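Welcome, and thanks for taking a look at this one. Here is a short briefing to read alongside the coordinates.

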Amino acid sequence: MGRRRYDPERRQRIIDAAIEVVGERGIAGLSHRAVAAAAQVPLGSTTYHFASLDDLLVAALRQVNGVCLADFARWVERIDPTVPLAEQVAELIGETLAGDRSRVELEYELYLTALRREAVRPIAAECLDEMVRLLGRRIGDEHTARAVVAFLDGVLLQHLLTGQPFEPAAVRAGLAGVLA
């Protein structure tokens with residue numbers, strides 16, 4: 001049996017494998033060799049599709065952001081204008097923290113990579129800007145939306161880092177104070 005040369009799914013498998021590697025080993029564990037092994041492709045395939053690790057990280061972050069933004073857009077569509085926004089944000093944070101923690105950790109691991117890898121920064125910024133745009137369109141105020149997104153990010157990150165129990169009342173009161 002000869003080598004299979006045409007593999008239209010290979011690039012996607014490499015991206016999926018990069019996400020898997022980061023989820024299991026963190027950014028420090030990401031290498032073309034680790035991704036090639038996880039994707040079960042030759043090492044040269046990873047460098048053919050992604051010349052640098054930054055290129056691979058950009059593709060991985062775009063994919064993870066797509067899922068995150070789709071979830072956020074669904075939440076935004078469910079916002080009830082008769083219920084205080086602080087209440088609904090507290091519910092979102094609670095649901096996120098009660099869900100798949102490894103997924104949230106992966107999202108933040110890739111997102112925070114932008115601090116040290118300039119090529120990834122625009123992708124992280126695009127995600128934040130889209131969250132602000134989605135929420136701003138729904139609530140009618142982009143400045144408030146940016147504050148809510150920053151608050152949401154901060155609370156999630158603090159809980160991931162500290163492991164402290166989530167207190168919805170404290171989040172509601174804190175966000176209500178920010179929005180006042």
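The points below cover an annotated span, a helix pair and a pocket. Please keep in mind that this is a predicted model. Its largest pocket holds about 550 Å³ of space, and helix H4 gives the most to the lining of that pocket.

**Annotated span**
- An unreviewed UniProt entry lists residues 8–68 as "domain: HTH tetR-type".

**Helices H4 and H5**
- H4 covers residues 53–78 and H5 covers residues 85–98; their axes come within 11 Å and cross at roughly 145 degrees.
- The crossing of H4 with H5 is right-handed.
- On the H4 side, the contact is made by Phe72, Trp75 and Arg78, which meet Leu85, Gln88, Val89, Leu92 and Glu95 of H5.
- By class, the residues of this H4–H5 contact are five nonpolar, one polar and two charged.

**The largest pocket**
- The space in the largest pocket comes to about 550 Å³.
- The largest pocket is lined by 25 residues, and Cys68, Thr96, Arg103, Glu107 and Leu156 are the closest to its centre.
- At least two lining residues come from each of H4, H5, H6 (101–112), H7 (121–139) and H8 (142–162).
- H4 supplies eight residues to the lining of the largest pocket, the most of any contributor.
- The lining of the largest pocket is made up of 14 nonpolar, three polar and eight charged residues.

Note on methods
Residues are numbered from 1 along each chain as its sequence is written. This is a predicted model: local features need pLDDT of at least 70, side-chain atom pairs count only at pLDDT 80 or more; totals for chains, interfaces and linings use all residues. Side-chain values use heavy atoms; hydrogens and water are left out. Axes are lines fitted to C-alpha atoms, for helices over the stretch in contact, and angles run from 0 to 180 degrees between N-to-C directions. Helices (H or I, at least four residues) and strands (E, at least two) are DSSP runs, numbered from the N terminus. A crossing is left-handed if the near helix is turned anticlockwise from the far one by less than a right angle, and right-handed if clockwise. Contact means heavy atoms within 4.5 Å. Ala, Val, Leu, Ile, Met, Phe, Trp, Tyr, Cys and Pro count as nonpolar, Asp, Glu, Lys and Arg as charged, and the others, Gly among them, as polar. UniProt positions are given in the numbering used here, feature names are shortened, and annotations may be inferred rather than shown by experiment. On a 1 Å grid over the protein atoms alone, a cavity is a set of points where a 1.4 Å probe fits but cannot get out, and a pocket is an open set with protein on both sides within 12 Å along at least five of seven lines; lining residues have an atom within 4 Å of a point. Grid points are joined across faces, edges and corners, and a volume is the space filled by probe spheres set on the points.
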